[in-house]
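Here are some notes to read alongside the structure. Please look at each feature in the viewer as you go through the points.

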Amino acid sequence: MTIRGVFALCLLLAASIPTVAERASLEVIDVAVEGPGGKAVTGLTAQDFELEINGAPRPIESFAAARPLSLVLLFDITTSMETMIKRRAISNAFEKFFIGQLQPEDRVQVGSFGRKITIGPPIAGNPRALLTAVQKALDPEDVDTHGPSPMWDAIDAAVTALAPTSGRRAVILVSDGRATANREAPEDVGNRAVAAGVTVSVVGEDWEMTIRQDAETGVRVSSGAGLKWIAATTGGLYVPERATEPAPGPILDRLLAELHGRYTLGFTAPVRDGKMHALGIRVNRPGLTMRARRTFLAPLDSSQ
Amino acid sequence: MRVALLTVAAIVTAIGLFAQAPQEGRFRASIDTVSIYATVNDADGRLVPDLVRDDFTVLDNGVPREITFFSSDVQPITVVIMLDMSGSMLSRFIRLRSSTQSFVDALLPQDRAQIGTFGEEIAINPHLTNDKQVLRRVLRDELWPMGGTPIWNALDAAMTSLASESGRRVVLAITDGVNVCYFRRCLKPGDVERRAVREGFMLYAVGMDGTGLDREIIEMAADTGGGHFELPVGADLSATFTRVADELRRQYVLGFSPAELDGKLHRVEIRMAKPGMKVKARRSYLAARS
């Protein structure tokens, strides 16, 4: 087949698969595909993906390569963060590497957590207002930031804030992972994020220590474990803090490019039982890696 | 004697007696009844059960008052457990967590506990609950070692978290040392103790591995009718938790009407009729104007 023939076939196949917007009743999943060096791979089509539910193949019924973002930037502002990422550095990084890369239709809410959890209103197409919101979140009026760190409750609040929004829903969390005083359990928060189709990506501290108790026993404490878990569970990207040195700017650039470069696949749930099901996605090109959540919540058909 | 010692515990509480006549075991709202929780030990330090009303005498500013309410029933526990997560506690991390876990596992259906930590930050989980699964989750996920020992800020935060509760409100702190506060605003012992006394909180403090509790903490525990335990190196913390729980469950409840609601702190003293008995109870109460 000639190159022109391949191009024509791609167009034909693409035309036969509706966009997500055309099939709002479908279940959707966002997939990140990266090539060597972690660079986002663009230009893929639906035919490059295979989808399985509980191990059984399912057809991809809709496909989109570009969707506006509905995003919550969520900052941990407690004392323990002061040794991780300096607030001024991260504020500057947002200005230089992040805000300018947003698409006009992207909408961003800025949130923070410490003694209280705050999720600001959506901001779209207003870089100055967004930068001000980021700076304000990083420099709270309440100077008493010596805990607690209700990270799971804050993620849950962000997921709730994103629930009514359209587009590609995501949270970018900046935290050291030392979560305390949470009303919600991590497992429940992860399940709700999956059910809402919200990806949680993390710039996190990869802090770990082994605490010796006596000559024979010790305990390993890892603040990164929960951060890695929520990113993996929701199909997000986890970037350890060490990779942010000397400045977090390139990391923010990568996170945003990764979210913008995602593909959205739509499929029909095989059952409507209101339960979690295993989701498997493969990209059938060599040398590529992909990232997506591994479960989805089937809708519940009340007639069943 | 320090002012703080004179202002020892007891407050006019919102729980009171069913009527003016002496009754057994029934509470209803009243603003003019003072409730005192008393722990009685024998000469060997063993808890003494099965005492009756006539075994006690209550003195209000030195004047005997009629005990209008008495209960020797097992008392439910409402407690905030504050765990010291400072750097010096690192070597005790597993022991502290597993002992607290044992305490949680031994809670009775009517007991409620809340778990908090202090170190680099102060964090108190919002769940005051009997749900052991929730409490286990907190112990599994929310203990982060490192930092100083901001114990007075921590005790104050614990009281705040219990402020809306009625009845006996207990703060149980487990620590290995003296106050070391790096916060922007560090509270003073006197302020925290005054609050505990005026608002009727009860403090138990456990000092781990013989490093010695702050003198002010020991005084605050005594003033509020609680207690303190100093554990030698390697001692069984679980046994101390059990001891605290036993004390709390076996406390006697004595109620009396103040002679005068004058808005002042009154000294209160409990005397035992039987010789050899030692009683612990708060040493003052606030006779708040209704």
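1. Helix 5 of chain A passes helix 6 of chain A in a right-handed crossing. The model is predicted, and these notes should be read with that in mind.

2. Two packed helices are described by the angle between their axes and the distance between the axes. For helix 5 (residues 186-195) and helix 6 (residues 224-234) of chain A, the axes come within 9 Å and the crossing angle is roughly 25 degrees. Angles under 35 degrees count as roughly parallel, and helix 5 of chain A and helix 6 of chain A are therefore roughly parallel to each other.

3. Which residues meet where helix 5 of chain A touches helix 6 of chain A? From helix 5 come Pro186(A), Gly190(A), Ala193(A) and Val194(A), and from helix 6 come Gly226(A), Ile230(A), Thr233(A) and Thr234(A). Sorted by class, the residues of this contact are four nonpolar and four polar, with no charged ones.

4. Between the chains, the contact takes 23 residues from chain A and 21 residues from chain B. On the side of chain A that touches chain B, strand 11 (208-212) and strand 12 (218-222) each supply at least two residues. That side of chain A has nine nonpolar, ten polar and four charged residues.

5. Chain B contains seven helices and 16 strands. Of the 290 residues in chain B, 45% are buried.

6. How much of the contact in chain B, counting separations of 6 or more, is between residues 24 or more positions apart? Such pairs account for 74% of those contacts.

Notes:
Residues are numbered from 1 along each chain as its sequence is written. Chains are lettered from A and ligands numbered from 1 in the order in which they are written. This is a predicted model: local features need pLDDT of at least 70, side-chain atom pairs count only at pLDDT 80 or more; totals for chains, interfaces and linings use all residues. Helices (H or I, at least four residues) and strands (E, at least two) are DSSP runs, numbered from the N terminus. A residue is buried if 20 or more other C-beta atoms lie within 10 Å of its own, exposed if 12 or fewer, and partly exposed in between; C-beta atoms are placed from the backbone. Two residues are in contact if their C-beta atoms, placed from the backbone, lie within 7 Å. Axes are lines fitted to C-alpha atoms, for helices over the stretch in contact, and angles run from 0 to 180 degrees between N-to-C directions. Angles under 35 degrees count as roughly parallel, over 145 as roughly antiparallel, 65 to 115 as roughly perpendicular and the rest as oblique. A crossing is left-handed if the near helix is turned anticlockwise from the far one by less than a right angle, and right-handed if clockwise. Ala, Val, Leu, Ile, Met, Phe, Trp, Tyr, Cys and Pro count as nonpolar, Asp, Glu, Lys and Arg as charged, and the others, Gly among them, as polar.
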